[in-house]
Amino acid sequence: MSDNPPIDHSSMKLGRKAIKTDSRTLQLAKYLSKQLPDPPPAKDWTKGITKWGMMLNDIHGCCTIAAAAHAVQVWSANTSAEITVSDAMVLSYYKEWDGFIPGEPKTDEGAVELDVLNKWQKTAFDKHKLIAYANVNYLSLAQIRQAITFFGGVYIGIALPNSAKTQAVWDVVADDNPAGKPGTWGGHCVFVPKYDAHGFTCITWGALKTMTTAFWERYVDEAHALLSHDWIAAKGSPSGFGLAELKTDLSLIH
């Protein structure tokens, strides 16, 4: 018998609202060179960190803000020294960007990823700025891996099934199992800084969580590459990525 306690995430909060699209949103594929080599078979930007912080996502439906805070942890750990955004700061942005009002439970309902990213791009998240964000084709695993390799991770949305509540590794279940229906638990937002041949690893509820490739293909339904100012300043624009063209396009829609 295993000494590990059973997994039970059922008391955790989610908070990703229905997907919003905008025809003006930049598409990552446009800025990737046609001659770009395949992404490496594995990439891991987690730097051995094991404690990531709940970022209040065990209390509130603030996953869209928690994922941003986890992204800052990854970027900072790989460019200077790890920066952990405080719970107070997470709460302040949950109020400012997502409309949460303490004491009014009806306002604790999460947010739309695109809305959060638009606000982040216009201002800053705890002094951390985005040059831009771009949609990644979540159905193209090669493009997802390329985005993780280039930018330290991807910011994604998942239509979580009830079956995910008790899985140590998120995986698909039998087709006839109603607990496996996409979205039966709800929408969730996470940052994904790692992949290998078997799947992808995200940060959620204070820890790393691995999902199989099959799980990704069934339940992930949006993905965004975040071009962190801090990341690009430290590492430069990736070879094979058209940053100048992207900035030009960005200037035309703002």
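Reader: Where in the chain is Met12 found?

Author: Met12 is found in the segment before E1. The model is a predicted one, and the values below are computed from it.

Reader: Why is Met12 called buried?

Author: A residue counts as buried when its relative accessible area is under 20%. Met12 has 16% relative accessibility, so the word applies. Its contacts, leaving aside neighbours within four places in sequence, are Met54, Asn57, Asp58, Trp185 and Trp205. Lys235 is 223 residues from Met12 in sequence, and the two C-alpha atoms are 35 Å apart in space.

Reader: What does Lys17 touch?

Author: Beyond residues up to four places away in sequence, Lys17 touches Glu109, Gly110, Ala111 and Val112. To take one of these, Lys17 and Gly110 are 93 residues apart in sequence, while their C-alpha atoms are 6.3 Å apart in space.

Reader: What makes the buried residues of helix H3 lie on the same side?

Author: The buried residues in H3 (residues 113–122) are Glu113, Leu114, Val116, Leu117, Trp120 and Gln121. They cover an arc of only 160° around the axis, and therefore sit on the same side of H3. An α-helix has 3.6 residues a turn, so residues three or four places apart point the same way.

Reader: What is noted about phi of Asp126 and Lys127?

Author: Phi of Asp126 is near 50°, and that of Lys127 is about 75°. Both values are positive, and neither residue is a glycine. Most residues other than glycine have a negative phi. Asp126 lies in the loop between H3 and strand E2 (130–135), and Lys127 is placed in the loop between H3 and E2 as well.

Reader: Why is Gln143 called buried?

Author: Its relative accessible area is 13%, which is under 20%, so Gln143 is buried. Gln143 is found in helix H4 (residues 141–151). Not counting residues up to four places away, Gln143 touches Leu28, Ala29, Leu32, Asn135, Val136 and Asn137.

Reader: How do you know whether the radius of gyration agrees with that of a compact globule?

Author: For 254 residues, a compact globule would have a radius of gyration near 18 Å; the protein chain has 17 Å, so the two agree. Its C-alpha trace spans about 50 × 45 × 35 Å along the principal axes. Buried residues make up 52% of the 254 residues.

Reader: How many helices and strands does the protein chain have?

Author: The protein chain has seven helices and seven strands. Their order along the sequence is β-α-α-α-β-α-β-β-β-β-α-β-α-α.

Definitions and conventions. Residues numbered from 1 in each chain as written. Predicted model: local features only at pLDDT ≥ 70, side-chain atom pairs only at ≥ 80, totals over all residues. Heavy atoms only, no water. Helix = DSSP H or I, 4+ residues; strand = E, 2+ residues; numbered from the N terminus. Rg over C-alpha atoms; globule rule 2.2 N^0.38 Å. Buried < 20%, exposed > 50% of the residue type's maximum accessible area, 1.4 Å probe, protein only. Contact = heavy atoms within 4.5 Å. Arc of directions from axis to C-beta.
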